[in-house]
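Here is my note on the model, point by point. Please read it with the structure open.

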Amino acid sequence: MSVSMMSGRDRRSRRRSRPASPTRRGQALKGWLYVSPTAMFVAVLFIVPLLLVVRMSLSRWPLLTGDQGVNAPDNYTKVFDNRFFTDSVIFTLKYTALATVLLITLGLGLALLVQESSRWKGLLRASFLIPSALGLASASLLFYVLYSPIAGPAAELMNDLGWTFLGSPTGALLSTVFLIVWRFAGFYMLLMLVGLQGIPAEIYEAARIDGASRWQIFRRITLPLLKPTLALTTIMCVTGSLLAFEQFYILTKGGPDNSTITVVQLIYTMAFQGQNDLGVAAALSVIALIALVVINAVQLRAFHNPDEK
Amino acid sequence: MSTHVPISAGPHTPRATDSGRSDGPSAEDGTTTATPAQPRPARRHPTTSIGGLVLRTPYWIFTGSLAVIFLFPLVWTAFASVAPHPGTNQTDGWGFGNYRTLAHYQAGIWQYLANSAFVSLTTVALTLAISLLGGYAFARFNFPGKNVLFLVTLAILMVPYATMLIPLYVLLTQLNLQDSLLGVALVLTMFQLPFSTFMMRISFEAIPRELDEAALVDGCSSWAALWRVLLPAVKPGLITVGLFAFLTAWNDFMAPLILINDSDKFTLPLAVSNLRVQVQGVIDYGATEAGVVVLALPCIVLFLLLQRHYVRGFMSGAFKG
C-alpha cells in the first residue's frame, strides 16, 4: 500500500481507459447502486436531523409533548439568558486552550522521543498508545476512582493534607486535563509520527553537514515541514475539546459549584435534566455548530500558507 | 478536511529519517543508520562502553518513568478491583467480590454485555458493508453527485455530536426506534461513515486499476470483481475500519445516554457509570473498578493483538489528503 507508487500508476490507467458514453451511463448507474447505502445513511441520519435541529430551535418543543409550533426567536433569547451560558462558554474555551497546547506539545515531544525504531522505543510507543484503546467514559470512570479521596491510591495523602483533586475549580479543571492528556497523548503522538515520516531524511543530513545544531534543525526544518500535521492535529484537538462532555459529566458532574460546565453539558442539561426543553437545547446546538464551523474556518485560514500552491 | 500530510514512502520500510537524529546517543539504532561513509560527529558513534551506558541512564530513567505514568492507572485499577477495601463487596482478602457485585447489578452484567456486544457488532457489520460498497463506488465509478456526496459524508465530522443527538432523539421516535439498541447502532454507524468511507476509498484507490480491469475483461461483473479480486486487497483497510468501529461503538457513552431510557437496555459504559450511585448515594468504588476492567479489557486485548496492523493502517494512508 505504498502511497508514492500509487499516484503514478493511477494516473496512467485513468488516461488509458476512457469509457464510451453508454458504458459511462452504466458506470453511473452502478456507482449509484454501490453508493446508495452511504447516501441513505447520510440523508436519513445526517441531513434530515440537521434540518430538524434548525426547525426545533425555532419551535416550542418540550421533551414530553413534542412540537408545539413556531416560537422564534424565543429559544435563542432563552439560551443567552441562561445563567450558565456565559460561564460555560468561557470555561469551554479555557479548557480547549489548555488541552490543545498540552496535547500538541506532548504529542510532538513523545513522537520525537520514540521516532527511531528499536525494541525499547517500540515498548514506549505501545505504552503511550494503550490508554487510547480505552473509551473516554471508561477512562473517566477510571480516574474518578483514582482521584477519589476514599478509594484512590493517594487517599491517605489527601486526608492528611485536607485537599482533594476535584475539590476546587482549578483542581477539577487540571485533573480533567490530566485525564485527557493521559488518554489522548499517544493518539496525537501517532499522528505526529505519521507527519515526521514524511520529512525526507536528506534534508536532515544536509542540515547536519552544514553544522546545524539540534535545536536549529528542529526549529528550521522539523517545525515548518510538519505544519500540515500540526494544522490537522490542532483542528482535531480544538474540535474535540470544544465538544467535551463525558469527562466532565462523569468526573466532575459540572462541579464544584457549577464551575466545570461545558457547552455540550449545558445542551444535555437543557434537553434532559430539569428544563426538559428540546427547543432551547436545539438552539444552543445550532449556536455550537455555527461557532465550530467559524472557529475551524479561522484555523484553516491561519494555517494556510500563501507560499504554497 | 483538506489538510494534506505527505507520506513519501511506505510505512513498513524503516526510514533513514531515523538514523542519526536521536535525542540520546544511538547505540541501539546503530544498525539503521544510513551509510557508514557519511561523515558524522565523533560522539554519535555507537557506544557500547561503560561510559556510554552511564550517559544513557538519565534517558532510561526519564523514558521509563514516562511509560510508568501511562501504565500505572491501568495496572492500579486491575489490582484494586481484586484488592480488599472497606465499603465494597471485597472487604477482606483478595478475590472477585467486586465482580460478583457487578454480575448482580440490576439486570446483571451479562445483559449489559449482551447489549454492548449487540450494538458494537451491528455497528461493525453495517460500517464494513456500507463503507466497502461506498469506497468501491467512490474509487472506481464516475457518477453525478459523487463529489458532493463525498464532501457531505466528510462533513459529518464537522457537526457536534450533541447537535445531532437532540434531533436524532426525536427522529428515531418517529421511526419507531426510540429506546432501541438498533437505533443506537444505526446512529453510531452514521458517525463512523466519514472515517470509514475515506479509509475505504483510499484503500481501493491504492489498488492498481489493471487488477479489476483484467477481471472485467475476463467477463466478471463489477460485483464479482469486487468480491473475488478486490476484497482480499482491501482487507487491511477493512480491519482498520472494523477495529475503529468496534472500539467507538463499544465505548460510546453519549448516544446510549440520550437515546436509551430503559435501564435493561443500557450498554456497559452507561450501566457502570450508573452503578457508582447504586446504594443511596454511597459510591461502590470496588464495583466501579471491576466495571472499568470489564470495559477496558476487550479494547486493550484487541488493541494489542492488532496494534501492528492498526498503526500501519493509520500510517499507510489515513492522512493522505
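1. Start at Ile166(B). Setting aside neighbours within four places in sequence, Ile166(B) is in contact with Val53(A), Met56(A), Ile267(A), Ala271(A), Leu278(A), Ala281(A), Ala282(A) and Ser285(A). Contact means that the C-beta atoms, placed from the backbone, lie within 7 Å.

2. Basis of the note. The model is predicted, so local features need pLDDT of at least 70 and side-chain atom pairs count only at pLDDT 80 or more, while totals for chains, interfaces and linings use all residues. Residues are numbered from 1 along each chain as its sequence is written, chains are lettered from A and ligands numbered from 1, both in the order in which they are written.

3. The core. The largest nonpolar core has 165 residues, and Ile267(A), Ile166(B) and Val187(B) touch the most other members. Helix α8 (residues 169–197) of chain A gives the most to this core: 16 residues. Such a core is a set of buried Ala, Val, Leu, Ile, Met, Phe, Trp, Tyr and Cys residues joined through C-beta atoms within 7 Å. A residue is buried if 20 or more other C-beta atoms lie within 10 Å of its own, exposed if 12 or fewer, and partly exposed in between; the C-beta atoms are placed from the backbone.

4. Chain B overall. Chain B has 12 helices and 0 strands. Helices (H or I, at least four residues) and strands (E, at least two) are DSSP runs, numbered from the N terminus. Of the 321 residues in chain B, 46% are buried. Among contacts in chain B with a separation of 6 or more, 72% join residues 24 or more positions apart.

5. Helix α9(B). This helix covers residues 235–251 and has 17 residues. From first C-alpha to last it reaches 24 Å, close to the 24 Å expected at 1.5 Å a residue. The expected span is 1.5 Å times one less than the number of residues. α9(B) is mostly covered, with 12 of its 17 residues buried. Among them are Gly237(B), Phe244(B), Trp250(B) and Asn251(B).

6. Helix α6(A). Residues 136–146 of chain A form this helix, and 11 of its 11 residues are buried. They include Leu136(A), Ser138(A), Ser140(A), Phe143(A) and Tyr144(A).

7. How do α5(A) and α1(B) lie to each other, roughly parallel or roughly antiparallel? The axes of α5 (residues 119–129) of chain A and α1 (residues 50–80) of chain B come within 8 Å and cross at roughly 30°. The two are therefore roughly parallel. Axes are lines fitted to C-alpha atoms, for helices over the stretch in contact, and angles run from 0 to 180 degrees between N-to-C directions. Angles under 35 degrees count as roughly parallel, over 145 as roughly antiparallel, 65 to 115 as roughly perpendicular and the rest as oblique. Leu124(A), Ser127(A) and Phe128(A) meet Thr63(B), Ala67(B), Phe70(B) and Leu71(B).

8. Positive phi. Most residues other than glycine have a negative phi. Asn176(B) has phi near 60°, and Asp179(B) has about 55°. Asn176(B) sits in the loop between α5 (161–174) and α6 (181–205) of chain B. Asp179(B) is in the loop between α5 and α6 of chain B. Asn176(B) counts as exposed, with 8 C-beta neighbours inside 10 Å. Asp179(B) is partly exposed, with 13 other C-beta atoms within 10 Å.

Conventions. Two residues are in contact if their C-beta atoms, placed from the backbone, lie within 7 Å.
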